[in-house]
Amino acid sequence: MTIERRRALIGVNAGIFLAHIGNFIWFPVLVASLGGTDSGFWAGVVMCMTYVGRLAATFFYEGVAARIGIRGAVFAGTATEAVALFLMGFGDGVAVYSVLALLIGLGSGTAFPGLKNILVSYPDDERPKAFSTFQMSAQVGLFGGALLGGLLADVDLRTLFSVVFAIFIGFCLASSAFIPRDGFGEATEKSAAERVPLFSTAVFKGIEVRGATRYFLLSAVFWFLSIGFMVGIPLHMEEYASGWAPSAPFWITGLSVLVLQYPLFKFMIKHLRPGAVMAVGLAGMTVAFTAFGAGRSVPWIVVGCLTVVLGEILFVPSFDIWVARKVPADRLAKAMGAMHFFRSAGNMIGSLLAGALFDLATSWDIPGGNWYVAAVIAAACAAICLLSRDEPPAEEPAITTEEERAEAAA
């Protein structure tokens with residue numbers, strides 16, 4: 001790896017590390033705070049708006065990057081996110097928080113693809129190391145942010161978001177100072193950049209990927225469950241374990257992922273097919289949600305946090321392998337766009353329903369009822385994965401008309 005690519009990798013990893021620290025400081029505290037002053041539903045609405053912003057950013061990221069370069073897109077997105085986070089400390093009310101959350105999502109949805117684009121531009125033999133260190137930096141940042149969030153749980157929101165603002169300014173400077181303007185591929189010519197529209201809905205072309213859409217729907221349900229945990233657990237802590245910091249569960253999940261991610265997935269994928277590995281991950285989430293609902297006290301929360309991580313550890317990388325086997329090679333690029341769309345859709349719906357289900361369980365006096373619903377959904381998905389077959393991609397039909405050729409080229 002050259003010095004330039006090594007420097008860029010340091011900048012990218014420093015950026016994602018600081019971003020995860022900042023995010024896992026503020027969002028558990030804000031969700032718990034809104035759950036106490038307003039309701040779980042409104043806490044979910046605010047979190048949902050961040051994902052609305054991220055999805056919206058996909059429509060203009062390419063146009064922005066073509067005009068100001070990947071480095072400029074990362075800087076602009078991170079700066080937008082930092083300013084919105086700073087204003088969070090001075091805001092009041094769900095409406096204000098929702099608007100700022102939308103801006104946070106727009107900034108994140110512009111900066112994060114830029115960081116990924118840098119890694120994609122590395123040579124083939126250097127990409128595995130680049131992506132593995134990127135993932136590790138994110139997990140270390142998550143764990144560090146959860147710890148710092150616990151220390152800052154009792155400070156006022158103005159102080160909390162001022163700290164987060166400083167961290168995101170560090171993210172802005174660290175990442176943009178080291179990464180090249182356009183990655184390590186061929187620089188985009190100005191004439192080509194001018195042909196890229198600033199706003200484009202071409203992302204919708206990747207949503208339908210022949211017969212694989214049903215598998216992307218399964219992925220959307222997984223992210224629905226995953227964000228449901230992230231939004232639901234701070235509300236759960238506020239109601240049933242208020243003596244602990246709202247970010248305490250993420251100390252456990254962050255450390256567990258760091259320790260188990262590589263050895264556990266490597267062992268499981270070596271001995272089981274991807275669908276079965278995904279089923280094990282979802283079974284772990286089923287056990288976790290059942291524990292949250294049945295016990296609700298701190299020991300049960302710890303048990304749930306130790307098993308819910310199996311979803312992230314086993315489902316996510318196995319799904320990538322699963323898709324690669326089920327989608328024809330010439331449609332994998334579209335599959336990546338579809339995966340992003342369905343992940344965002346699952347996150348948006350999950351954010352809303354996590355808070356709403358928590359409110360319903362509380363108002364109907366069914367403690368843990370929201371978690372039982374999630375457990376049933378996770379168990380059903382585990383069964384689908386277990387019963388699935390890893391058949392090779394279906395052969396593409398012959399292209400016989402000009403219209404079909406144009407559709408294939410798109």
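1. Let's start with helix H2: its 18 residues reach 26 Å from the first C-alpha to the last, close to the 26 Å expected at 1.5 Å a residue. The expected span here is 1.5 Å times one less than the number of residues. Helices are DSSP runs (H or I, at least four residues), strands are runs of E with at least two, and both are numbered from the N terminus.

2. A word on what you are looking at: this is a predicted model, in which local features need pLDDT of at least 70 and side-chain atom pairs count only at pLDDT 80 or more, while totals for chains, interfaces and linings use all residues. Residues are numbered from 1 along each chain as its sequence is written, and side-chain values use heavy atoms, with hydrogens and water left out.

3. Back to H2, whose buried residues include Gly40, Ala43, Gly44, Val45, Val46, Met47, Thr50 and Tyr51. Buried means under 20% relative accessible area, exposed means over 50%, and partly exposed lies in between (1.4 Å probe, protein chains only). Ala95 lies in helix H4 and counts as exposed, at 57% relative accessibility.

4. For the overall picture, the protein has 14 helices and zero strands. Of its 410 residues, 51% are buried. Taking contacts (heavy atoms within 4.5 Å) between residues at least 6 apart in sequence, 84% join residues at least 24 apart. The protein exposes about 18200 Å², with carbon and sulfur atoms supplying 67% of that area; accessible areas come from the Shrake-Rupley method with a 1.4 Å probe, and for residues only the protein chains shown count as cover.

5. Beyond its neighbours within four places in sequence, Trp26 is in contact with Met47, Thr50, Leu85, Ile104, Leu160, Phe161 and Val164.

6. On the surface, Phe41, Trp42, Ile349, Leu352 and Leu353 form a nonpolar patch with about 420 Å² of accessible area together. The elements giving it two or more residues are helix H2 (40–57) and helix H12 (332–363), and H12 gives the most, with three. Patch members have over 30% relative accessible area and no salt bridge; nonpolar side chains (Val, Leu, Ile, Met, Phe, Trp, Tyr) are joined within 5 Å, like charges within 9 Å.

7. Leaving aside neighbours within four places in sequence, Asn347 is in contact with Tyr51, Trp223 and Ile227.

8. Finally, the structure holds one salt bridge, in which the side chains of Arg5 and Glu126 meet (2.8 Å, N to O). Arg5 is in helix H1 (residues 3–37) and Glu126 in the loop between helix H4 (94–120) and helix H5 (127–151), 121 residues apart. The term means a side-chain nitrogen of Lys or Arg within 4 Å of a carboxyl oxygen of Asp or Glu. Arg5 is buried at 16% relative accessibility, and Glu126 is buried at 10%.
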